[in-house]
Structures are given as C-alpha cells and as structure tokens.
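Here is a protein model to look through.

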Amino acid sequence: MKTKGAILWGVNEPWSVEEIEIDDPRDGEVQVELAASGLCHSDHHLVTGDTPVDPFPVLGGHEGAGVISKVGPGVKGLREGDHVVLSFIPACGQCGPCSSGHQNLCDLGIDLLTGKSISDGTTRVRARGTDVIPMCLLGTFSPYVTVHQYSVVKIADHIPLDVAALVGCGVTTGWGSVTNVAEVRPGENVVVVGVGGVGINSVQAAAAAGAKNIIAIDPVAYHREQAERFGATHVFSSMDEALAPVTELTWGLMAEKVVLTIGRVRGEHIEPALALTAKAGTCVVVGMGDLEDNEVRFNLTMFALLQQRLQGAVFGGANPRTEIPSLLSMYQAGKLELDGLITNTYRLDDINQGYQDMLDGKNLRGVIEYTQADR
C-alpha cells in the first residue's frame, strides 16, 4: 500500500514527510493501522548520528499503538480488529534471554537497525524506489506498519490508544528501570537524573515503590515542576546543585538508587552520579548516548571501597508481553498516570516542530495523532 511516512535521509537532516510504500504482511506478520506514535528521544539520536545507521534512509518511530488491519499466514493469537501496542524490542519467547525471563534482551534485537524483517530478512518499506530501514523494525512515523507478531502485544479494546502507545517504550523503560532493574524498596532514597518522557515515569515508579526521598534533577524548569506533580519530593537543576542537599537529606548516606534517564548520556555524567550513590548502592544507566563514546572516568578505588554497582538497563528490564498489559491495568485502576504525560499532540506533517519542542524542554511526551489526512 502507499501511505505517508517521516523519513530521515541523512545525519543532521530534518524529517521528510513523503509518500512511502509498505508491503502486505507475510508469514508471521500483521499490518497495524496506528492511532498514535510517541516522539521519543531515541529517534532523535538517528538525526544526530549518535545511533549510526548504514545505509540511510530510515523511517522513524518505535512507540505506537493501533488496530490490526491485516493478518499474514502463520500468525497465532492475533486477528483483524485487535487493539495492540508495538514493543520496540521483539520477544520470540524461545531464545535464551526470553526463556530465562529477559524478553527485553531477546536475541532478535540484534537486527533492530538493519531493516531486515524477522520473517525472511527482506525489507517491507520503500521510498523514492529505495529500501527503507524502519526504526526498531517498526517505523511508527507512518499511519500503517507491517511488523512481525513478536513485536505486537494485544491489549484491551477500551484502553485509549494514544496513551497505550506510551507503554511501547517511554513509560515501560522509565518505570521498569526503577522497579525491575534498580529494585527500589520502601524507605529508600532515589535520585532520578533527567525527567523527560522516560525519567518522569521513573519518578512515579519510585513514588509507587514507597521511596522516602525522591530527588529529581533536570535543567529544565518545566520538567522539575512536572516531577513534583508526579511524586518527586525535591528537585534540583544539576547533580552538582543536588550534592549537598542530598547529603543533608540522607544524613551523609546518599541515595541507595540513582537512575540516569538523561536524553543523551555522556561519560562525564557517571562520576557525579556515583557521588550521589550510597555505599552498596546502585547507579542505573538508562539513557542513550553516542554509540562511539567509550570514555568514562570515575574513581575506581572509591567505587570498589564503597561497593557500588553501575548497572545498564534497556526497556526497563521488562518482559513486554506481561508488563505492557500490567501497566495498562494499573492505568485503568488509577495507579499509573498516563494522560498527563501527553503534553502536546501533532500531525505527522508537524514532526520537526514536535522534536524542536522536545529539545526546547516544552514536552514530557509529544505524540503524533493520526487522522485520515495522514493516511
């Protein structure tokens, strides 16, 4: 079918909204008519070159929800009309990581930036006669996607699809980084560094887990204001500014858990984050940075003497097939705030403005809402 999509043709170029062609689903695949797509910072890493892609072009977007419009042969448990959330990491359920409870580390994730479909290794998207890489094998910056069933999670029909889209990446990543990876316990002190579309969910997860002090750090005043609304007890503009107050709040013990959800993590962020981390505490690195940035400096002797842990995290350590429905159940029960995360909505044609608003600190999460004109 022919439709529209936001294509990136090279580093530091704007998103180009233009006609694209998407194939019908093949073995094990479904086509989804999307209602909404989140504007995640991870797609902006394609623009800056922090996440390298070769070759361009790329169809952006990896956070979406919609309704299945076509079902290919061999698909099990899904049918036309099902409401679904797209999981930006597929879960085959059979590889070693999936079988051991780590669906977020599914072996199929190795092909996320190749554009080669899980089913047969060919491409499903073209623009200007050229094969296109769909971001995370999804490409939600288009009102239609053809994706493998491993990347699809069925949800209840009555859940609003615009908020459901958010649990395909940002909400689950932020929430799970606190609950699954950092394993925050009641009464602990938690620092969240960077409270945008991911970190704001780390804040509300820490509140739900019963953390004593929840310290949110972000240079953007709007983000700090929102952090307090979502459960932060204290807010600061930088880790340096927070150091003395955190020392006083914790009687010098510092925070048991520190979560780095900065939009672009750099090596220089690690040492001040560890300075906020308690003895035997855990510092979780969630945000993405430059893939080629391999220079990190911190005091190894103090790291060893304080018995600290520096922990990586992807997709919040979540098993998407269980955690996505679980988070949406919490939303239905009033235990998880999703509606308030959507700061502004955009048409597909306005995607570059949406990302500028993100960079300017105006959004927690901007969302593309698809209309008939986009299709």
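What follows is a set of questions and answers about this predicted model.

Q: Why is Ala227 called buried?
A: Buried means a relative accessible area under 20%. Ala227 has 0%. Therefore Ala227 counts as buried.

Q: Where does Ala227 lie, and with which residues beyond its sequence neighbours is Ala227 in contact?
A: Ala227 belongs to helix α6, residues 221-229. Setting aside neighbours within four places in sequence, Ala227 is in contact with Val195, Ile200, Val203, Ala216, Ala232 and Val235. Contact here means heavy atoms within 4.5 Å.

Q: How far apart are Ala227 and Ser202, in sequence and in space?
A: In sequence they are 25 residues apart. In space, the distance from C-alpha to C-alpha is 9.8 Å.

Q: What puts the buried residues of α6 on the same side?
A: The buried residues are His223, Gln226 and Ala227. They cover an arc of only 105° around the axis, so they sit on the same side of α6. That buried set packs against α5 (199-208), β12 (214-217) and β13 (234-236).

Q: Which residue just after α6 takes a positive phi?
A: Gly231 does, at about 125°.

Q: How do you know that the buried residues of α7 line one face?
A: Helix α7 spans residues 239-249, and its buried residues are Met239, Ala242 and Val246. Seen down the axis of α7, they fall within an arc of 55°, so they line one face of the helix. An α-helix has 3.6 residues a turn, so residues three or four places apart point the same way.

Q: What does the other face of α7 carry, and what covers the buried residues?
A: Asp240, Ala244 and Glu248 are exposed on the face turned away from the buried side. Exposed means over 50% relative accessible area. The cover over the buried residues of α7 includes β11 (190-193), β12, β13, β14 (255-260) and α8 (270-275). Just after α7, Trp251 takes a positive phi of about 55°.

Q: Why is Thr173 called buried?
A: Its relative accessible area is 8%. The cut-off is under 20%, so Thr173 counts as buried. Thr173 lies in helix α4, residues 170-181. Leaving out neighbours within four places in sequence, Thr173 is in contact with Phe88, Val198, Val286, Phe315 and Gly316.

Q: Why is α4 called roughly perpendicular to α10?
A: The axes of α4 and helix α10 (residues 320-332) cross at roughly 95° and come within 11 Å. Angles from 65 to 115 degrees count as roughly perpendicular, so α4 is roughly perpendicular to α10. On the α4 side, the contact is made by Val171, Thr172, Trp175, Gly176, Thr179 and Asn180. On the α10 side, the contact is made by Glu323, Ile324, Leu327 and Met330. By class, this contact has five nonpolar, four polar and one charged residues.

Q: What makes α1 roughly perpendicular to α11?
A: Helix α1 holds residues 41-48, and helix α11 holds residues 351-359. Their axes cross at roughly 100° and come within 11 Å. That angle falls in the range 65 to 115 degrees, so α1 is roughly perpendicular to α11. His41, Asp43 and His44 of α1 make the contact with Tyr355, Met358 and Leu359 of α11. The residues divide into three nonpolar, two polar and one charged.

Q: What makes β13 and β16 the edge strands of the open sheet?
A: The sheet has six strands in the order β13-β12-β11-β14-β15-β16, with parallel pairing. Each of β13 and β16 (309-312) pairs on one side only. The twist averages 15° from one strand to the next.

Q: How do you know that β15 and β16 pair?
A: Pairing needs at least two bridges. Strand β15 (residues 277-285) and β16 have four, in the parallel sense. In one of them, Val284 has Gln311 in β16 as its bridge partner.

Q: How do you know that β1 and β4 pair?
A: Strand β1 (residues 2-8) and strand β4 (residues 58-59) share two bridges and are antiparallel. At least two are needed, so they count as paired. Ile7 stands opposite Leu59 in β4. Both strands belong to a closed barrel of five, β1-β2-β7-β8-β4, with mixed pairing.

Methods: Residues are numbered from 1 along each chain as its sequence is written. This is a predicted model: local features need pLDDT of at least 70, side-chain atom pairs count only at pLDDT 80 or more; totals for chains, interfaces and linings use all residues. Side-chain values use heavy atoms; hydrogens and water are left out. Buried means under 20% relative accessible area, exposed over 50%, partly exposed in between (1.4 Å probe, protein chains only). Axes are lines fitted to C-alpha atoms, for helices over the stretch in contact, and angles run from 0 to 180 degrees between N-to-C directions. Angles under 35 degrees count as roughly parallel, over 145 as roughly antiparallel, 65 to 115 as roughly perpendicular and the rest as oblique. Ala, Val, Leu, Ile, Met, Phe, Trp, Tyr, Cys and Pro count as nonpolar, Asp, Glu, Lys and Arg as charged, and the others, Gly among them, as polar. The arc is that of the directions from the helix axis to the C-beta atoms.
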